[in-house]
Amino acid sequence: MGSNLTIKEVMQPLKPVLNLNLKDKAEEKANTIDDKALKEFEEKYRIHPENIKKLDKIGQGSQASVFKSEIRSLKKIIALKEIYIQNNNDLKNLKNELLILQGCEHPNLVAFYGFNIHENRIQVAIEYLDFGKLNYLLQLEGALPEPIVSVIGLQILKGLDYLHSDRKIIHRDLKPSNVLLNTMGDVKISDFGISRQVIGTEGNANTYIGTKLYMSPERLKGGDYQKSADLWSVGLIVFECALGKFPCIDKIREFSLIEDEYREFVMKGNLLDFPKTFSEELKDFIKQCLKPEPAQRGTAKTLLEHPFIKKGENIPKEMFKKWLDCVIQKKLQK
Ligand SMILES: Nc1ncnc2c1ncn2[C@@H]1O[C@H](COP(=O)(O)OP(=O)(O)OP(=O)(O)O)[C@@H](O)[C@H]1O
Ligand SMILES: [Mg+2]
């Protein structure tokens, strides 16, 4: 990995997350596709373009535009992610990655409904979450109360444990914009389809580049990484929720740390600079996630048993929903 990146660039997603421009990777992957599985998948999940009514644009990512849309036949509101495709290999790779999504069903994962290819774009129909991304909640509220952080952490860990334990998938790009909420009080992980199966694809796992600020030190170094890399990101998300901003962001900005320096900074434990207001449980939870040595980090399963997260289990969903309602009402009154 290059070391001449400024922190400004580190804070941006660096490359299209699907590596669409890496022709050699594209060819390599395209050759490994099971055509029969792909055909069955297409038959089951292809949505006719006329069946999709595009409504407002709700977001823009580094490689996709997202529209609130309706599946006409079902009168169902969905989110439609449009990704530009450059060639047939890209298309095959994308479809292959969508294959991963079909069996992934969990209350804390954004559901996949189907896809469509329209002109030079692939459109992916996914569950619409009407509150939007976690960043939006932080933007509205700043630091969140600890019980709320516990509820959010609990739901993220439940979704992640399913991905890791049941589906053998590393997410690789966990960050607040890939954690979505709805006004029912559900918190769901999105964009896990861009991840690849852990088992048997170790080589591929190390080629992916996502947003660097949430990346674990072993990933910043460009070495091997495993599911534990996702727990580093969970620690940072929980930290950011409780603090209202990314930890040490002012220091990171001030020193314009380049990539290797940022890694050194986190390796030294510099991120673990907690405000006095944090409870012992919260601090311990974050420490369990932000261990520089991946093997020492908790797993999604063990961290679900952590006292900080257990607190979240005692908070009824209805209460979290009401709290979110209040946040929305406050916003509307402004
Ligand atoms: N299922 C969804 N329901 C509601 N809003 C969504 C949904 N999916 C995405 N969005 C909105 O669209 C925006 C763009 O999403 P996208 O996943 O393309 O990019 P991102 O995660 O924000 O950033 P990046 O491309 O760097 O990973 C999100 O930030 C979010 O606000
Ligand atoms: Mg996203």
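**View 1. Helix 3 and helix 4 are roughly perpendicular to each other.** The model is predicted: local features need pLDDT of at least 70, side-chain atom pairs count only at pLDDT 80 or more, and totals for chains, interfaces and linings use all residues. Residues are numbered from 1 along each chain as its sequence is written, and chains are lettered from A and ligands numbered from 1 in the order in which they are written.

Helix 3 spans residues 35-45 and helix 4 spans residues 88-101. They pack at about 75 degrees, with axes 10 Å apart. (Axes are lines fitted to C-alpha atoms, for helices over the stretch in contact; angles run from 0 to 180 degrees between N-to-C directions. Under 35 degrees counts as roughly parallel, over 145 as roughly antiparallel, 65 to 115 as roughly perpendicular, the rest as oblique. Helices, H or I of at least four residues, and strands, E of at least two, are DSSP runs numbered from the N terminus.)

Helix 3 brings Ala 37, Leu 38 and Phe 41 to the contact. Helix 4 meets them with Lys 95, Asn 96 and Leu 99. (Contact: C-beta atoms, placed from the backbone, within 7 Å.) By class, this contact has four nonpolar, one polar and one charged residues. (Nonpolar: Ala, Val, Leu, Ile, Met, Phe, Trp, Tyr, Cys and Pro; charged: Asp, Glu, Lys and Arg; polar: the others, Gly among them.)

**View 2. Helix 6 packs against helix 9.** The axes of helix 6 (residues 146-166) and helix 9 (residues 228-243) come within 9 Å and cross at roughly 160 degrees. The pair is therefore roughly antiparallel. Contact residues of helix 6 include Val 149, Ile 152, Ile 156 and Leu 160. From helix 9 come Val 234, Ile 237 and Val 238, among others. The contact divides into 10 nonpolar, one polar and two charged residues.

**View 3. Helix 9 also meets helix 12.** The axes of helix 9 and helix 12 (residues 280-289) come within 7 Å and cross at roughly 150 degrees. That angle makes them roughly antiparallel. On helix 9, the contact includes Leu 231, Trp 232, Gly 235 and Phe 239. Helix 12 supplies Leu 282, Phe 285, Ile 286 and Cys 289. By class there are 10 nonpolar, one polar and no charged residues.

Methods: Two residues are in contact if their C-beta atoms, placed from the backbone, lie within 7 Å.
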